[in-house]
Amino acid sequence: MNTIKILGKYLDQPLLIAKFKKKVPIILTSGAAYFAYKDIKNEENRLEQKKKAIKIGSVFALTIASALAAPKVANKIFKTSEKSIKNIKFELNDVCDKFIKNNSQLDEETLKIVNKSKSKVLKFKEIKHLFNNLEKKENGQQFLEKLIPNPENITSKEIFSEIGRLSLLGFIPVLGGITGGIIGDKLTENNWKDFVPNKVKEGAYQYLANIFLCNVGAGAALALMEKGHVKSKNTRAFGMVGGILATGVIGGSAIANFIGNKIINPIFGNKSSSNIYSERKPEALDIGLHVDDVATVAVMSGLKWIEPALPIMYAISGYRAGIGYRNGKTSEQ
């Protein structure tokens, strides 16, 4: 097995994914705290520091809480479940014990690694050793598939459910960011209502351009390939990236700006503009945020190792919505 496939197997270890997921709240909270500290410290005026601390603290608190709650809400709505570390270890013990019992001639190194896999994450070289030594054995392949399940292509029936689940994972942090931003403004500004439109417009921009429409593009491309009986994971991945480029990266910002300009502005009593990009131009960071689309492609391709990182990625969109970001400025500036 080549190095790339071994790396994929290493990353797809159920125990590694579960342990990474447990660290996500710490990573997200510590990252937000550091960013908030740096941003607040830049204010020279003590009063402005206090106001910014309240605003940014409110945005981050609601965004992070929403981002961490989103997977649980999505799992409940879409009736999916996640195994605990305890359950994963229980299943691994059973798989490994049965394999050892039926294979008494295992060499010392292989036996040591199989026993380790019951309760610990294997190293890259240990994964490589197992596959090199067991993949061609009569029941070795079956054992390896149980130890580290192969990614499964989702079916046409599952595609739109997966789009809905991933889009909900992104919507909740954006909504949390907007709510946190409004609360922070209300606590610090007399004219806090003046800042609401930009938060809603940026929220719409982040959600439509950077999350939802990209998911739709990936899902539509996947549906077409499923209908065409395309099974190659590489072909499906490249096809989904094409769908993302068409609906999200290229068309998403235009659609989001149109909604902000023609629908959200009139709702809040603001005039619409004839220039659609007077609202919000795509920026380098917006393109960077499309890294979560790589995650979307990975998840839809059956790779689960990236999914625990989605709350971190979507929290960035939630934060920018919460501060009402508008091309270099926040709604408070």
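Tutor: Thr80 is partly exposed, at 36% relative accessibility, on a scale where buried means under 20% relative accessible area, exposed over 50%, and partly exposed in between, computed with a 1.4 Å probe on protein chains only. The model is a predicted one, in which local features need pLDDT of at least 70 and side-chain atom pairs count only at pLDDT 80 or more, whereas totals for chains, interfaces and linings use all residues. Residues are numbered from 1 along each chain as its sequence is written, and side-chain values use heavy atoms, with hydrogens and water left out.

Thr80 belongs to the loop between H3 and H4, where helices (H or I, at least four residues) and strands (E, at least two) are DSSP runs numbered from the N terminus. Once neighbours within four places in sequence are set aside, Thr80 is in contact with Ala74, Asn75 and Arg165, contact meaning heavy atoms within 4.5 Å. With Asn75, the side chain of Thr80 also makes a polar contact of 2.7 Å; such a contact is a pair of N or O atoms within 3.5 Å, and within protein one atom must be able to donate a hydrogen and the other to accept it, while residues adjacent in sequence count only if both atoms are side-chain atoms. As for Arg165, 85 residues separate Arg165 from Thr80 along the chain, and their C-alpha atoms are 9.8 Å apart.

In the loop between helix H3 (46-77) and helix H4 (85-102) one also finds Lys79, whose phi is near 55°, a positive value in a residue other than glycine. Most residues other than glycine have a negative phi. Lys79 has a relative accessible area of 76% and is therefore exposed. His229 likewise has a positive phi, of about 60°, although it is not a glycine; His229 sits in the loop between helix H9 (196-227) and helix H10 (233-250), and at 62% relative accessibility it counts as exposed.

H3 itself comes within 9 Å of helix H14 (residues 310-322), axis to axis, with a crossing of roughly 145°; axes here are lines fitted to C-alpha atoms, for helices over the stretch in contact, and angles run from 0 to 180 degrees between N-to-C directions. From H3, Ile56, Val59, Phe60, Thr63, Ala67 and Pro71 take part, and they meet Pro311, Ala315, Gly318, Tyr319 and Gly322 of H14. By class, eight of the residues in this contact between H3 and H14 are nonpolar, three are polar and none is charged, given that Ala, Val, Leu, Ile, Met, Phe, Trp, Tyr, Cys and Pro count as nonpolar, Asp, Glu, Lys and Arg as charged, and the others, Gly among them, as polar. The crossing of H3 with H14 is right-handed, a term used when the near helix is turned clockwise from the far one by less than a right angle, anticlockwise being left-handed.

Helix H1 (residues 3-11) and helix H6 (residues 124-134) also have axes that come within 9 Å, and these cross at roughly 110°. The two helices are therefore roughly perpendicular, the class for 65 to 115 degrees, with angles under 35 counted as roughly parallel, over 145 as roughly antiparallel and the rest as oblique. In this contact, Thr3, Ile6, Leu7, Lys9 and Tyr10 of H1 meet Phe124, Ile127, Lys128 and Phe131 of H6, a set with six nonpolar residues, one polar and two charged.

Thr110, in helix H5 (residues 108-116), is buried at a relative accessible area of 1%, and a polar contact of 2.7 Å links its side chain to that of Asp107. Beyond four places in sequence, Thr110 is in contact with His129, Leu130, Asn133 and Leu134. Ser117, in the loop between H5 and H6, counts as buried at 3% relative accessibility, and its contacts outside four places in sequence are with Leu92, Cys96, Leu122 and Leu147.

For the protein as a whole, there are 14 helices and zero strands, and buried residues make up 44% of the 333 residues. Of contacts between residues at least 6 apart in sequence, 74% join residues at least 24 apart.
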